[in-house]
Amino acid sequence: MTVSARRPGPYLVVGLGNPGPKYAATRHNIGQMVLDHLAAAVGGRFAAARRAQAVVLEGRLGLPGADARVVLAKTTTFMNVSGGPVKALSTYYDIPPERIVAVHDEVDIPFDAVRLKSGGGEGGHNGLRDITKALGTKDYLRVRVGVGRPAGGRDTADHVLAPFSTTERKSLELLVSDAADAVESVILEGLTAAQQRFHSREVR
């Protein structure tokens, strides 16, 4: 009698942002925009999570036979306290840090670029810092969506809490799509292959 191999557990993909319509279209919420794009690919609607301040959607990413189970989640707390919901979801679904993907805005990357990494510093990103504190490790995956640094000495906090510029909005949909593809790539192909694919792209 053959025993079938146990299918790997799901990935937890978390889109970071702030709650409410006031922040929905801001640079700081691009992680949640990416999750909405992924939700359309998975099919279904987000619903309130059990035991976590988040909305979730369970499904599969990829083609049948080469797909992966995912729990898509958007936190419903403010960015600076993202750690609690991520920890609660990882505990509820029994997902280890190495299978957690945080999707977030990144001012140290030019607008229109996507970069991926595992571990490392938080670069002053308070949402990531809180996740690291809650998980007790930096060793989770990050899909870093470039929003660029503010021009003319503008305050960084004001920059990320503001909507995208008219020029940026012309290519925002494509950037969100690229970031969603990066999430799928890092889950299905692995970090190194995904980095080779996305880090070689020039900023449009």
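I shall begin with the fold as a whole.

This is a predicted model, in which local features need pLDDT of at least 70, side-chain atom pairs count only at pLDDT 80 or more, and totals for chains, interfaces and linings use all residues. Residues are numbered from 1 along each chain as its sequence is written, and side-chain values use heavy atoms, with hydrogens and water left out.

The chain has six helices and seven strands, taken as DSSP runs numbered from the N terminus (helices H or I, at least four residues; strands E, at least two). Along the sequence their pattern is β-α-β-β-β-α-β-β-α-β-α-α-α.

Next, the helix packing. Helix α1 (residues 30-42) packs against helix α5 (residues 166-188) at about 70°, with the axes 9 Å apart; axes are lines fitted to C-alpha atoms, for helices over the stretch in contact, and angles run from 0 to 180 degrees between N-to-C directions. The two helices are therefore roughly perpendicular, a term for angles of 65 to 115 degrees. In this contact (heavy atoms within 4.5 Å), α1 contributes I30, M33, V34, H37 and L38, while the residues from α5 include L172, L175 and V176.

Finally, which residues lie nearest the centre of the largest pocket? They are H28, G124, H125, N126 and V160, among 17 lining residues. A pocket here is an open set of points on a 1 Å grid over the protein atoms alone, where a 1.4 Å probe fits, with protein on both sides within 12 Å along at least five of seven lines; lining residues have an atom within 4 Å of a point. Helix α4 gives the most to this lining, with three residues.

Note on methods: Angles under 35 degrees count as roughly parallel, over 145 as roughly antiparallel, 65 to 115 as roughly perpendicular and the rest as oblique.
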